[in-house]
Amino acid sequence: MSVRHRLRSLWTIAYMNGVIPVRRQPLYLLNTIASPLSFLFFIALASRGTLLRPAIAGGMILTMISIGTSLQADLTHYKQDMKFQDLVVASPVEAPIYVAGLALSEFLYSIPGLSVFVALWVATGPLPGVFDAATVIGTLLLVWAFSSALGFTLATYFEDIRETFVFGPLVSLGLTVLPPVYYPATFIPAAYRPLAFLSPATYAADLLHRAFSLGALDPRFGPPLLAAPLDWLALIAVTAGLFLLAATKARWREP
Amino acid sequence: MPDALRSEELGKTYPHGKEPALDGVSLRISAGTVYGLIGRNGAGKTTFVRICSTQLLPSSGQVEVLGFDAVTTPREVRARIAVIPQESRPLYFLTIDELVFYHLRMRGMDRRIARERTDLVLRQMGLADRANTLVSRLSGGLRRRAMVAMVFASDAELLFLDEPTTGLDPLARREVWAAIQKARHEGRTVLLTTHYLDEAEALSARLALIERGRVVVEGTPSEIRSRVKYPFRVSLPRSLSEAELAPYGEVSGVEGGWLVFAREDSARELTKLALEKNLAVAMAPISLEDIFLQLVGRPLTEGEALAEEEP
């Protein structure tokens with residue numbers, strides 16, 4: 001397949017799975033925004049608005065992580081229930097194109113949700129500069145990439161769609177709810193703070209908190225955990241590692 | 001005629017399986033023909049199809065598809081094949097037209113050609129008047145036809161159809177048969193697995209009967225017929241005893257009577273005897289179902305999931 005054909009395949013898969021269903025049932029869009037907005041709502045309310053900005057950053061990250069869990073569910077459904085993946089395996093479409101197409105479709109679903117968070121970000125603080133905007137975009141793209149790779153790897157091992165109902169929330173819990181994503185890392189007692197580094201979302205949150213100028217706006221939020229280059233390095237390394245895992249451990253052709 | 005598919009001693013034992021799902025299957029399928037693979041559930045048909053269509057790795061043996069090794073060069077094979085997996089279902093949120101059209105686009109086909117092929121195949125499969133109906137609103141049979149249309153519209157040289165007519169009504173089955181015959185006229189090769197022996201016999205140039213992962217018999221339908229001991233069947237009521245019938249051939253008890261497999265002269269003699277006794281009797285050449293019964297020792301429909309075949 002030429003590059004043109006690969007891009008055509010990728011976009012067709014994204015269009016089939018991400019545009020057509022939404023055109024027929026726009027309520028699908030609410031699915032990706034429901035959880036991130038719920039967290040935002042409760043955290044902002046309980047903190048009387050003081051944690052609104054960190055929660056907006058958390059909402060952005062959770063929206064991206066949700067892409068991975070939705071991808072995992074879609075992949076399992078298409079593989080186990082529909083046998084659609086078998087049809088794709090035995091076709092010129094390669095595994096990375098299929099996964100990227102589905103991941104792009106999930107991204108399309110998340111655009112309205114992300115737009116809400118971007119609007120809140122702009123509305124609740126100083127107008128972000130180009131560098132901050134680029135940081136947010138780059139960070140979210142990396143979170144999208146690693147959550148998709150993780151979703152794909154897990155999905156190839158699931159034999160029943162119900163397993164995704166168990167692992168999806170666990171992945172969200174482990175990656176975004178427990179680590180300092182919706183709240184500043186300085187809120188964790190210093191002794192336990194290193195545990196936060198176990199979640200790759202921590203590095204993403206650190207970058208977003210910096211782009212959101214959290215420490216500058218409110219001294220209680222403290223400085224970022226790591227220097228920006230270290231956050232980038234860690235995030236890129238995790239993404240590369242999960243891609244490597246997907247490429248070597250994910251099962252496209254059954255053993 | 002060159003081989004479209006050649007397997008040598010192909011074997012597969014699933015990781016948690018006790019018995020092999022495939023046990024040394026060697027088959028050759030000529031290009032431009034329809035080849036029927038028949039057998040009971042779990043006999044190994046789907047495992048064979050999944051290995052040949054690069055979805056599954058074999059445990060042993062070799063398989064070459066359209067001149068390419070399916071194990072070491074799957075990419076070359078995948079560019080030239082299309083498959084309807086067993087129990088597969090079409091994407092329910094698409095219309096039939098979208099299902100076929102976007103399947104072609106997903107395979108990398110140019111928009112104009114994809115449009116032409118979609119329109120053509122929908123007409124041929126009798127689906128044109130429902131082209132804009134959502135798949136979720138179709139009956140099971142129509143969904144299956146939509147899947148078949150999807151695969152036939154592709155430019156694949158070799159089509160793997162794993163039980164494509166299961167669940168279809170007789171009329172819909174005939175439409176799928178016509179599409180298979182058309183694919184053959186176009187010079188494409190079709191590997192068809194089926195439970196329906198009439199279907200296999202009507203469509204296939206050659207057949208292989210698989211039981212417990214092994215090929216029991218292989219050849220053209222007439223070659224297969226010639227390999228069984230008794231080429232005729234006589235059905236009779238129970239008023240005759242098994243002992244009376246035994247000298248004529250092989251006697252099987254069936255619902256409401258006896259079935260005797262016999263050579264032609266014995267079958268005629270037995271029919272004459274029954275007519276003299278004013279008994280309802282029917283004599284006919286054996287069907288493929290009967291051949292299965294004679295070779296395997298039980299009917300095609302008896303028992304399920306023989307081996308360790310995974311879905």
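Ground rules. I am working with a predicted model, in which local features need pLDDT of at least 70 and side-chain atom pairs count only at pLDDT 80 or more, while totals for chains, interfaces and linings use all residues. Residues are numbered from 1 along each chain as its sequence is written, chains are lettered from A and ligands numbered from 1 in the order in which they are written, and side-chain values use heavy atoms, with hydrogens and water left out.

Entry on the interface. I looked up which elements of chain B give two or more residues to the side that touches chain A, and found α2 (74-78), β6 (81-84), α3 (96-106) and α5 (140-152); helices (H or I, at least four residues) and strands (E, at least two) are DSSP runs, numbered from the N terminus. The most comes from α3(B), with 5 residues. By class, I noted 22 nonpolar, 8 polar and 10 charged residues on this side of chain B, taking Ala, Val, Leu, Ile, Met, Phe, Trp, Tyr, Cys and Pro as nonpolar, Asp, Glu, Lys and Arg as charged, and the others, Gly among them, as polar.

The contact (heavy atoms within 4.5 Å) takes 40 residues from chain B and 33 residues from chain A. The two chains bury about 3,200 Å² between them, 61% of it on carbon and sulfur atoms; buried area is the accessible area (1.4 Å probe) that two parts lose on being put together, summed over both. I also recorded that Arg78(B), Phe93(B) and Met106(B) supply 23% of the area that chain B buries against chain A, more than any other three residues.

I counted 4 salt bridges between the chains, each a side-chain nitrogen of Lys or Arg within 4 Å of a carboxyl oxygen of Asp or Glu. In one salt bridge the side chains of Arg23(A) and Glu98(B) meet at 3.8 Å, N to O.

Entry on the cores. The largest nonpolar core has 110 residues, and those with the most contacts inside it are Met60(A), Ile61(A), Phe84(A) and Tyr98(A); such a core is a set of buried Ala, Val, Leu, Ile, Met, Phe, Trp, Tyr and Cys residues joined through side-chain atoms within 4.5 Å, with buried meaning under 20% relative accessible area, exposed over 50%, and partly exposed in between (1.4 Å probe, protein chains only). Its largest share, 12 residues, comes from helix α3 (residues 52-81) of chain A. Not counting residues up to four places away in sequence, Phe84(A) touches Met16(A), Tyr78(A), Tyr98(A), Leu91(B) and Met106(B). A second, separate core of 30 residues includes Ala70(B), Ile81(B), Leu158(B) and Leu191(B).

Entry on two threonines. I found Thr63(A) in helix α3 of chain A, where it counts as buried at 1% relative accessibility. Thr166(B) lies in the loop between β7 (158-162) and α6 (170-185) of chain B and, at 39% relative accessibility, counts as partly exposed. The side chain of Thr166(B) reaches the backbone oxygen of Glu163(B) at 3.5 Å.

Terms used:
Polar contact = N/O pair within 3.5 Å; in protein donor to acceptor, adjacent residues only side chain to side chain.
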